[in-house]
Amino acid sequence: MDKIIVLDFGSQYSHLICRRIREFSVYAELVPYDIPYEKLKEMNPKGIIFSGGPSSVYNNGAPKPDSQIFQIQLPLLGICYGHQLIVDNFGGRVKRANKEYGHSILTVDNGSSLLSGVGNSVRAWMSHGDEAEKIPENFEIIGHTERSHAAAIANKQQSIYGIQFHPEVVHTENGVQILKNFVLNICKARQDWTMESFIEKTVSDISKIEGNVLCGVSGGIDSTVAALLIHKAIGNRLKCVFVDNGLLRLNEEQEIEKMFRDNFAVDFTAVNAKAQFLGKLKGVTDPEMKRKIVGEEFVRIFTDFAKTHGPFRWLAQGTLYPDVIESGVSKGPAAVIKTHHNVGGLPDWLKLEILEPLRELYKDEVRKVAAILGVPQKLLARHPFPGPGLAVRIIGEVTEKKLNIAKTASKIVEEELEAAGWYDKVWQAYAAVGDDKAVGVVGDERKYGNIVMIRVVESIDAMTADWTRLPHEILAKISNRITNEIDEVTWVSYVVSSKPPATIEPQ
């Protein structure tokens with residue numbers, strides 16, 4: 001299988017580069033920026049991309065790749081910081097410049113090869129404070145902006161390109177075309193990355209493992225697909241356990257058990273652990289601590305279950321690429337955004353080995369795998385739900401009162417979106433609640449109640465998201481129902497923050 005290797009220099013968009021390339025059926029993999037030259041050669045890539053990053057190439061300690069990689073005689077594309085690395089390595093000069101963030105107009109000076117088919121000018125997304133003051137010999141400028149005279153450069157003889165903007169983000173017009181030009185036309189990579197091939201390889205790899213597998217299933221698409229892949233590979237050596245932690249959506253525990261028993265031939269057991277989880281969360285307000293408590297309790301339950309129903313060698317989880325990058329387990333020097341319950345929350349005393357068959361996939365790829373495996377449409381279309389459950393949608397301490405508010409209000413949001421034909425148009429929709437309160441009037445009486453926050457977003461892979469512009473009449477129905485049907489609520493607000501700078505979940 002042909003592949004493109006992306007060296008990660010710490011950009012928040014590093015995974016998006018891989019994600020965009022996979023959209024046109026070419027496998028892309030993220031590796032550490034300091035990967036040894038020999039190891040990179042062993043991976044046999046068709047081309048290499050340097051990601052962006054927060055560093056400056058002229059600073060001491062700036063992250064730089066193995067110098068031999070520049071001589072590997074494969075097509076090379078540098079993006080933002082990667083562009084500056086190319087300029088610096090080949091004898092050009094990079095300097096501090098006026099910061100350029102947001103949209104700029106890229107004027108195309110040479111529309112062949114990398115910029116073929118993008119037009120004479122496009123809006124490009126900039127995010128940098130440095131620029132190429134002098135480009136290297138044997139390079140030409142193929143695009144510029146008002147502030148960056150060398151926003152795109154090329155050495156066509158050696159197939160080395162550098163661009164100061166980010167083609168991987170949706171804000172850049174024809175950005176995907178630029179990546180296609182590099183991957184398909186310059187690298188000549190074959191489009192042989194498909195979910196069918198992923199299933200075949202994954203099942204083959206898992207079938208070779210020894211020992212029994214314990215898989216925690218939440219009823220969500222990720223853990224369900226992980227379980228089905230493993231079951232396809234090892235059959236009855238897999239046992240699925242659903243843990244009711246008390247932090248689920250309204251009536252979800254009954255729905256999940258019915259779905260598994262009606263649709264899948266896996267060994268399924270449900271464990272009621274509501275009291276255990278809520279007891280551990282009592283008095284805890286820090287969001288990171290809540291995530292880690294939930295993660296550790298899950299593993300504690302699975303470990304105890306394994307002792308009485310085992311032996312098991314493996315604990316399987318539905319970890320995805322976005323989980324890994326946000327938990328700071330990315331290959332490059334990225335910051336931890338938040339700990340995911342199934343990534344950073346695993347305790348040192350865990351006695352089971354971890355099996356994560358979906359670790360390299362994005363959410364939309366998982367949905368494609370699910371469809372191939374015959375997952376019911378109702379589950380395929382269901383909105384994502386965080387692993388720590390309502391613990392991250394309840395700001396402050398998790399209490400029975402706030403749990404009931406979050407469950408009931410979220411159900412109202414989903415019902416109204418379904419009634420209006422909007423549920424399948426959006427990525428995620430829910431209600432969150434904290435400790436803030438506001439005055440309301442019920443009948444002729446003054447009432448001091450909770451504020452509920454409605455969050456509805458559009459996304460493809462959860463790496464970026466935009467808030468949904470719902471029609472006002474839908475918002476009005478949601479608000480009216482919540483304040484009328486939940487006694488403790490007086491105000492309803494609508495969250496209009498996109499990701500970035502916000503995250504999709506409040507905590």
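**Close-up views: salt bridges and a covered strand**

**View 1. E252 and R249 make a salt bridge, with their closest N and O atoms 3.1 Å apart.** A salt bridge here is a side-chain nitrogen of Lys or Arg within 4 Å of a carboxyl oxygen of Asp or Glu. E252 and R249 are both buried, and buried means under 20% relative accessible area, exposed over 50%, and partly exposed in between (1.4 Å probe, protein chains only). Before you look further: this is a predicted model, where local features need pLDDT of at least 70 and side-chain atom pairs count only at pLDDT 80 or more, while totals for chains, interfaces and linings use all residues. Residues are numbered from 1 along each chain as its sequence is written, and side-chain values use heavy atoms, with hydrogens and water left out.

**View 2. R313 and E353 join up through their side chains in a salt bridge of 2.9 Å, N to O.** This pair ties together distant parts of the chain, 40 residues apart: R313 sits in the loop between α9 (287-309) and β13 (314-316), and E353 in strand β14 (residues 353-355). Helices (H or I, at least four residues) and strands (E, at least two) are DSSP runs, numbered from the N terminus. R313 counts as partly exposed because its relative accessibility is 37%. E353 is partly exposed too, at 36% relative accessible area.

**View 3. Two helices are linked by the salt bridge between E416 and R481 (3.0 Å, N to O).** E416 belongs to helix α13 (residues 400-419) and R481 to helix α14 (residues 472-485), 65 residues apart. With 13% relative accessibility, E416 counts as buried, while R481, at 22%, is partly exposed. Elsewhere, salt bridges that share partners tie R249, E252, E255, R382 and E414 into one network. Searching the whole structure turns up 34 salt bridges.

**View 4. Strand β9 (residues 160-163) is covered on both faces.** In a regular strand, side chains alternate between the two faces of the sheet. Here I160 and G162 lie on one side, Y161 and I163 on the other, and all of them are buried.

**View 5. Strand β9 pairs with β4 and with β8.** Two strands pair if DSSP finds at least two bridges between them. Strand β4 (residues 76-79) runs parallel to β9, with four bridges, and I79 has I163 as its bridge partner in β9. Strand β8 (residues 152-155) is antiparallel to β9, again with four bridges; A154 is partnered by Y161 in β9. β8 and β9 form a hairpin with four residues between them, and S159 in the turn has a positive phi of about 55°.
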